[in-house]
Each structure stands twice: as structure tokens, then as C-alpha cells.
Amino acid sequence: MYSHHPLRRFSHPWFCRLPSLPIQSPNFCPKFRKPMEFQEPQKSQLGSQVAAIMHRLSLSAHSLQAFLLLFTTLSLLNMVVAEDEFCRSSISDSISSSKHSYWKVTNPTLSPSHLQDLPGFTRSVYKRDHALITPESHVFSPLPEWTNTLAAYLITPAMGSHFVMYLAKMQGNSQSGLPARDVERFIFVVQGSVTLINASDASHKLMVDSYAYLPPNFEHLIKCDESATLVVLERRHASMENHFTEQIVGSTNQQPLLETPGEVFELRKLLPMSMPYDFNVHIMDFQPGEYLNVKEVHYNQHGLLLLEGQGIYRLGDSWYPVQAGDVIWMAPFVPQWYAALGKTRSRYLLYKDVNRNPL
């Protein structure tokens with residue numbers, strides 16, 4: 001049993017939860033006949049508030065205990081407010097100076113602040129016809145055949161997909177390996193820069209928002225001198241007779257905006273729409289409040305990475321809040337729909353299989 005001495009209570013392990021009780025429960029002291037109203041105090045008003053409260057409190061042991069608890073609460077509240085404002089200012093200054101395109105993909109908000117310490121919390125979901133993989137669920141491990149590179153596989157055939165999508169974090173003096181035989185590869189840079197070198201020693205510097213398509217069985221090397229993060233898509237190429245793909249290097253801004261009849265979003269396609277290519281990668285931009293007009297249900301599979309912004313994604317009968325850094329897998333024929341929320345643009349990268357008969 002704990003002593004009833006008023007100061008002993010403050011050493012109780014549950015004391016950290018007590019300061020909110022007097023504010024949330026106005027009848028915490030039986031001598032008060034009507035609820036007391038408290039507002040967040042200013043430092044200059046602290047003394048006058050305490051004096052007023054002392055005038056109303058009796059000198060009984062219970063009232064003294066209530067007074068000490070309230071005094072400590074008000075003092076701590078002022079300290080927290082002051083410290084929070086200082087930290088917020090200094091943190092925001094340092095963050096604003098280091099932000100770059102797609103900054104939130106590699107520096108995600110792992111969870112709302114009031115849930116960050118909740119054990120077991122995740123927004124990730126895996127179902128038969130879709131999955132939402134959020135950053136707090138990423139598991140990085142060394143990437144086979146690559147040097148000084150960690151990868152988190154986010155979409156794989158184990159889900160039911162016919163492609164893989166992973167994040168590759170390349171460290172200093174790192175380089176890629178080759179995909180398996182007959183596997184084509186697409187890379188998109190979300191942080192840092194890399195150099196792409198092919199068998200004829202032609203090289204390309206790829207910065208953020210740059211990408212490359214590497215045909216199946218195409219000799220190439222991706223080198224990184226400092227650090228970079230890539231989104232990598234790979235699939236076994238569905239070849240067609242007399243149709244051959246070629247290496248493609250480009251950047252998002254180089255691609256024209258395409259017409260989207262009946263829709264308001266902006267669309268760019270990063271790969272040719274011709275028959276040799278069995279998939280394409282779309283960049284789709286939504287301004288706040290814009291949404292898909294068509295509630296899509298189709299045979300194509302999707303792999304999606306939200307690069308910027310936030311919104312609501314419908315998958316089947318479920319509705320998911322999503323934000324930059326989230327990855328979505330959509331199986332064939334799952335109902336899908338998106339709406340952009342917040343104050344800034346939403347942009348996502350979308351894999352889609354094309355130009356092949358589903359038989």
C-alpha cells in the first residue's frame with residue numbers, strides 16, 4: 001500500500017497519466033459543487049491561477065493533495081508547451097533544409113503521433129485480392145547478387161502477383177547484380193543518384209525522378225558512389241515472336257501529359273505503348289480533392305507506390321487512408337478507386353501489365 005502523504009503519490013508509476021484527470025473530470029474534488037473550467041495557462045498567469053485555486057481549496061489533506069497535483073500539472077504543462085515549440089521549430093528548420101523530391105518515401109511518417117508507441121500497430125493489410133504495405137512494416141535485408149545494398153521486397157508472386165516490386169537502398173561503393181534469365185527490370189530513383197553502365201560501356205547518370213528499363217538478358221551495371229534508393233520492378237518477360245524491347249533511359253518531366261477522357265488527373269507513361277512491352281509504368285498526379293471518375297475493375301494487375309501526398313484508396317470493400325511511402329498490390333478484378341486529400345499534390349507510380357492476351 002502507498003502512503004497517503006501528498007508527495008508520495010507523485011512517485012507512483014502511474015503518475016504520468018494523472019495530470020489529465022483534473023481537467024477531464026471537473027468533479028475530482030467533492031467540495032466543488034459545480035464543474036471547474038480550466039484553460040491552458042500562460043506563464044504570466046500561473047501565479048494568479050494558483051492563488052485563486054488556493055482560496056477555494058480547504059486545508060484538509062485531500063484538498064492539499066488536489067492542490068499539489070494541480071500545481072504540478074500546470075507547471076509541467078507550461079514546460080511541455082515551451083519545450084514542444086522549441087523542438088518543433090528546430091526540427092522543422094533542419095527538415096526543410098534537407099527535403100527533396102519524394103522525401104517522404106525515404107523519410108515516412110510511420111504512424112500518427114498518438115499511436116507511435118502502441119505495440120503492434122501497423123496500417124499494413126494483406127488480403128486475397130489486394131495488399132497495403134506501409135513503411136513501418138518494411139523488413140530490409142542484403143540483396144542477393146548486389147553489393148552494399150539492402151532491399152525490402154514489397155510485392156512478390158507469393159501474394160499472387162506475376163512481378164516483384166522492391167526498394168533497394170544502395171550504400172557507398174555499391175553496385176547491382178543481374179536479374180534472372182529472361183527477367184526484365186525497371187528502376188526508378190527516389191533518392192540520391194546512380195550511374196547505369198551497359199555492356200558497351202555507355203553510361204547514364206540517373207537522378208531523382210529518372211528511370212531506366214533494362215530488357216531481359218541485357219548486360220548492365222548500376223553503380224552508386226554515395227547512397228541512393230531505387231524502386232525496382234522485375235518480371236519474367238512475356239515475349240512475342242519478332243518483337244523485341246530495347247534499353248530506355250528517361251525522366252518523368254521528359255514525358256508528355258496524355259489525354260485522360262472523363263478524368264481530371266494528369267497522366268504520363270514512362271514506357272512505349274507498343275506491342276513488344278508487356279508492362280508499362282504510369283505517373284499519375286492528383287490535385288487536392290481530385291479523384292478517379294471510373295471505379296475500375298479490370299484484368300490487369302497493379303503495383304503502386306505513393307510518391308507524394310495522401311488520400312483514400314478503395315480496394316474491394318475496404319477503404320484505406322494512404323500517404324507517401326505506402327505500397328499497394330491490386331490483383332485482377334479487385335474494385336479500385338482513389339481520391340486525393342490534404343493540401344498538396346498526390347503523385348503515384350503505377351505498374352500495369354499491358355499488350356498481352358490474358359489467356
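Reader: How much space lies in the largest cavity?
Author: About 30 Å³. A cavity is a set of points on a 1 Å grid over the protein atoms alone where a 1.4 Å probe fits but cannot get out. The volume is the space filled by probe spheres set on the points, which are joined across faces, edges and corners.

Reader: What kind of model is this?
Author: This is a predicted model, where local features need pLDDT of at least 70 and side-chain atom pairs count only at pLDDT 80 or more, while totals for chains, interfaces and linings use all residues. Residues are numbered from 1 along each chain as its sequence is written, and side-chain values use heavy atoms, with hydrogens and water left out.

Reader: Back to the cavity. Which residues line the largest one?
Author: Leu 304, Leu 306, Tyr 313, Val 322, Asp 326, Ile 328, Tyr 338 and Tyr 348. Lining residues have an atom within 4 Å of a point.

Reader: How does that lining split by class?
Author: Seven are nonpolar, none polar and one charged. Here Ala, Val, Leu, Ile, Met, Phe, Trp, Tyr, Cys and Pro are nonpolar, Asp, Glu, Lys and Arg are charged, and the others, Gly among them, are polar.

Reader: Now pockets. What volume has the largest pocket?
Author: About 380 Å³. A pocket is an open set of points with protein on both sides within 12 Å along at least five of seven lines. The largest pocket is lined by 24 residues, and the closest to its centre are Phe 265, Leu 267, His 282, Glu 296 and Lys 352.

Reader: Which elements give two or more residues to that lining?
Author: Strand S13 (266–269), S14 and strand S20 (346–353). Strands (E, at least two residues) and helices (H or I, at least four) are DSSP runs, numbered from the N terminus. By class, the lining has twelve nonpolar, seven polar and five charged residues.

Reader: And how much space lies in the second largest pocket?
Author: About 300 Å³. Its lining has 16 residues, with Lys 104, Glu 308, Gly 309, Thr 344 and Arg 345 closest to the centre. Helix H4 (103–106) and S15 each give two or more residues. Four of the lining residues are nonpolar, seven polar and five charged.

Reader: New topic. How many salt bridges are in the whole structure?
Author: Eleven. A salt bridge is a side-chain nitrogen of Lys or Arg within 4 Å of a carboxyl oxygen of Asp or Glu.

Reader: Which side chain meets Asp 285 at 3.7 Å?
Author: Arg 345, counted N to O. Asp 285 sits in strand S14 and Arg 345 in the loop between strand S19 (336–341) and S20, so this pair ties together parts 60 residues apart in sequence.

Reader: Buried or exposed, what is Asp 285?
Author: Buried, because its relative accessible area is 2%. Buried means under 20%, exposed over 50%, partly exposed in between (1.4 Å probe, protein chains only). Arg 345 is partly exposed, at 29%.

Reader: What about Arg 347?
Author: Arg 347 also forms a salt bridge with Asp 285 (2.6 Å, N to O). Arg 347 lies in strand S20 and Asp 285 in strand S14, so the pair ties parts 62 residues apart in sequence. Arg 347 is buried, at 4%.

Reader: Which loop holds Asp 182?
Author: The loop between strand S5 (164–175) and strand S6 (183–192). Asp 182 has a positive phi of about 65°, although it is not a glycine. At 33% relative accessibility, Asp 182 is partly exposed.
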